[in-house]
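Please keep the sequence and the structure in view while reading.

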Amino acid sequence: MEKPADTSVPVTEEIARRWSPRAFDETADVSDEQLRAMLEAARWAPSSGNTQPARYLVGRRGDETFKKIYGTLADGNKIWAHRAGVLMIGLVVTQNEKGDIPHAEYGLGLASQNLVLQAVREGLVAHQMGGFDPYAVIRDFDLPDGLVPRVAIAAGKQAPPEILDAERLIEREIAPRVRIPLSDFAFSSPGNPIF
């Protein structure tokens, strides 16, 4: 199921096609090549002073890492995330030999956006989640100080919405995508849209 963005001018295909479905095909795997491409895309994201603060815990469906990540998800995400081919936790490194890393979370955001856009290019879908327990991730993976979980990501092959079982999830899956108008998004000064 495609839900391309309704943009005022054409944008890059991967940007137009990227959205966050919950319906994953539990019989399809993410290949080594696809996963490697997604992680390489994330690795080459810009960061403040080239500090490269983004890191990822990566689990494949059925392995121990996947099970541990899945166990940290909020109940609302557990309903569907078990079908994903891959579950990841995006982490930030908060310090290096020079001290605190500036804009570390922004660096993770850029890396994660690269990752999900590459997933689209690979014929996959990805869904980023704030609904997980970062303290459980720290505990279950025995993370050292200065490595902080900030986002969970499910990736895999998309399935038909009906796989979700729950009517409200199916309705969300098929609902049109919406964004605020460009006139409310960019302005030369408050109240003066640039477009």
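## A loop glycine and its surroundings

Leaving aside its neighbours within four places in sequence, G85 is in contact (heavy atoms within 4.5 Å) with A28, V30, G59, R60, R61, F66, A155 and G156. The model is predicted, so local features need pLDDT of at least 70 and side-chain atom pairs count only at pLDDT 80 or more, whereas totals for chains, interfaces and linings use all residues. Residues are numbered from 1 along each chain as its sequence is written, and side-chain values use heavy atoms, with hydrogens and water left out.

G85 is found in the loop between α4 (75-81) and β2; helices (H or I, at least four residues) and strands (E, at least two) are DSSP runs, numbered from the N terminus. With a relative accessible area of 6%, G85 is buried, where buried means under 20% relative accessible area, exposed over 50% and partly exposed in between, with a 1.4 Å probe and protein chains only. Between the C-alpha atoms of G85 and Y106 there are 26 Å in space, for a separation of 21 residues in sequence.

## Helices with a buried side

Helix α2 (residues 32-43) has 12 residues, which at 1.5 Å a residue should span 16 Å, and the 16 Å between its end C-alpha atoms agrees with this; the expected span is 1.5 Å times one less than the number of residues. The buried residues of α2 are Q34, L35, M38, A41 and A42. They cover an arc of only 125° around the axis, which puts them on the same side of α2; the arc is that of the directions from the helix axis to the C-beta atoms. Exposed residues D32, E33 and R36 are carried by the face of α2 turned away from that buried side. The cover over the buried residues of α2 includes β1 (54-60), β2, α5 (104-121) and β6 (147-156).

| Helix | Buried residues | Pack against |
|---|---|---|
| α3 | F66, I69 and T72 | β1, α4, β2 and α6 (134-140) |

In α3, F66, I69 and T72 are buried. Seen down the axis of α3, these buried residues fall within an arc of 125°, so they line one face of the helix.

Apart from neighbours within four places in sequence, T72 is in contact with I89, F132, D133, A136, V137 and D140.

## The nonpolar core

Which residues touch the most other members of the largest nonpolar core? Among its 48 residues, these are M38, Y56, L87, I89 and L115. Strand β2 (residues 86-93) gives the most to this core, with 7 residues. A nonpolar core is a set of buried Ala, Val, Leu, Ile, Met, Phe, Trp, Tyr and Cys residues joined through side-chain atoms within 4.5 Å. When residues up to four places away in sequence are not counted, I89 touches R55, Y56, L57, I69, T72, F132, V137, P149, V151 and A152.

## Two loop residues with positive phi

Most residues other than glycine have a negative phi. Q52, in the loop between α2 and β1, has a positive phi near 50° and is partly exposed, with a relative accessible area of 37%. D165, in the loop between β6 and α7, has a positive phi near 70° and counts as exposed at 64% relative accessibility.

## The chain as a whole

The protein chain has 8 helices and 8 strands, and 39% of its 195 residues count as buried. Along its principal axes, the C-alpha trace spans about 45 × 45 × 30 Å. Among contacts between residues at least 6 apart in sequence, 75% join residues at least 24 apart.
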